[in-house]
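Work through the exercises below with the sequence and the model open. Each task is followed by a solution in steps.

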Amino acid sequence: MKKYSHILVVAEPKKDIQVALKRALDIAALNPHSTITFLRVVYDFSSDIFQISQKIAPVSAELEESILSDMKETIEEYRIEANSEALIIPKIIKGHDIGQAIIKESNENGYDLIIKAANRHGILDSIIFTPIDWYILRNANVPVIIAKEHEWPTGGKIVVCVDFSLQQQLHLNNEMLREAQILSKITKGEIHLVNSAPIYLPSVMLEVPHYSPALYEQNVLKDHERKLHDFASRHHIPVARCHIREGMPDEIIPAICQELDAKTVFIGSAGRQGFMAALIGNTCEEIVDDIAADLVVLNKKLIKDKDKLKA
């Protein structure tokens, strides 16, 4: 399978468990043609003024060799644990900004998937997104998986969070579903569509005689339901796998994912408006902390780059 055949895994040197590498091996087990690059970014002191003034030696060849040796040991440990023969290439690059270095590596070497582990806050015991995470999520031109520590069984449920509030989001809905279908073919997973219907009651309407807020809410929910079912029908997804409820996305999505026991959740961002504005923002941290599933993020840059290639 061509898709997910060149995977970039971000190494986490300060963590005992390499969740991203484990997830990449899970995918490689189902897609034998996959090549995994295990990437470690080290700070480049070569032009750092503080380093020059303090006469601090840059990262030496010996230190790089030591880091590379540790990476190879980690790779072998996880390869044996997964009983995998996947091709895993350790790689060290230098950079002043880790996020920019990762994106540059991805863009220049034709990867089709980036996997990074979720960051669990040790004191709060919750998932947090660092500036590096945000930079990768907003600038990657390929799907990004934020992997969590859980098993990834064959046949696990895949949730796609769709939004019909913006015209530009419709294109992203199609792209998310396309990526979910690719993952579904690899993992034999079952795709479910999820949408929430936030009810914003216009205050001026409360002054209108015989106005019924309950009827208004019912109509909004029916409109969302109609759009969801139309989308599902076009892509041959059974109505039984369509889930919609009244409420905000940060409440509805975790609740449905928990009920479905979802293993992967697709989220897209077409900007800072509409349904997904609450997801690619602070609320996203609440969602990723409340669901025991990997988060796959597609952004508008990915869509624009694909449109340019088609043109």
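Helices (H or I, at least four residues) and strands (E, at least two) are DSSP runs, numbered from the N terminus. The model is predicted: local features need pLDDT of at least 70, side-chain atom pairs count only at pLDDT 80 or more, and totals for chains, interfaces and linings use all residues. Residues are numbered from 1 along each chain as its sequence is written, and side-chain values use heavy atoms, with hydrogens and water left out.

**Exercise 1.** Find the residues that line the largest cavity, and sort the lining by class.

Step 1. On a 1 Å grid over the protein atoms alone, a cavity is a set of points where a 1.4 Å probe fits but cannot get out; a pocket is an open set with protein on both sides within 12 Å along at least five of seven lines; lining residues have an atom within 4 Å of a point.

Step 2. The structure has 3 cavities of 30 Å³ or more, and the largest cavity holds about 50 Å³ of space. A volume is the space filled by probe spheres set on the grid points, which are joined across faces, edges and corners.

Step 3. Its lining consists of Trp 152, Pro 153, Gly 156, Lys 157, Ile 158, Thr 187, Lys 263 and Thr 264. Two or more of these residues come from each of β8 (157-161) and β11 (262-269).

Step 4. Ala, Val, Leu, Ile, Met, Phe, Trp, Tyr, Cys and Pro count as nonpolar, Asp, Glu, Lys and Arg as charged, and the others, Gly among them, as polar. The cavity lining divides into 3 nonpolar, 3 polar and 2 charged residues.

**Exercise 2.** Describe the largest pocket by volume and lining.

Step 1. The largest pocket contains about 310 Å³ of space.

Step 2. Of its 15 lining residues, Ala 11, Glu 12, Pro 13, Ile 98 and Ile 132 lie nearest the centre.

Step 3. β2 gives the most to this lining, with 3 residues.

Step 4. By class, the pocket lining has 8 nonpolar, 2 polar and 5 charged residues.
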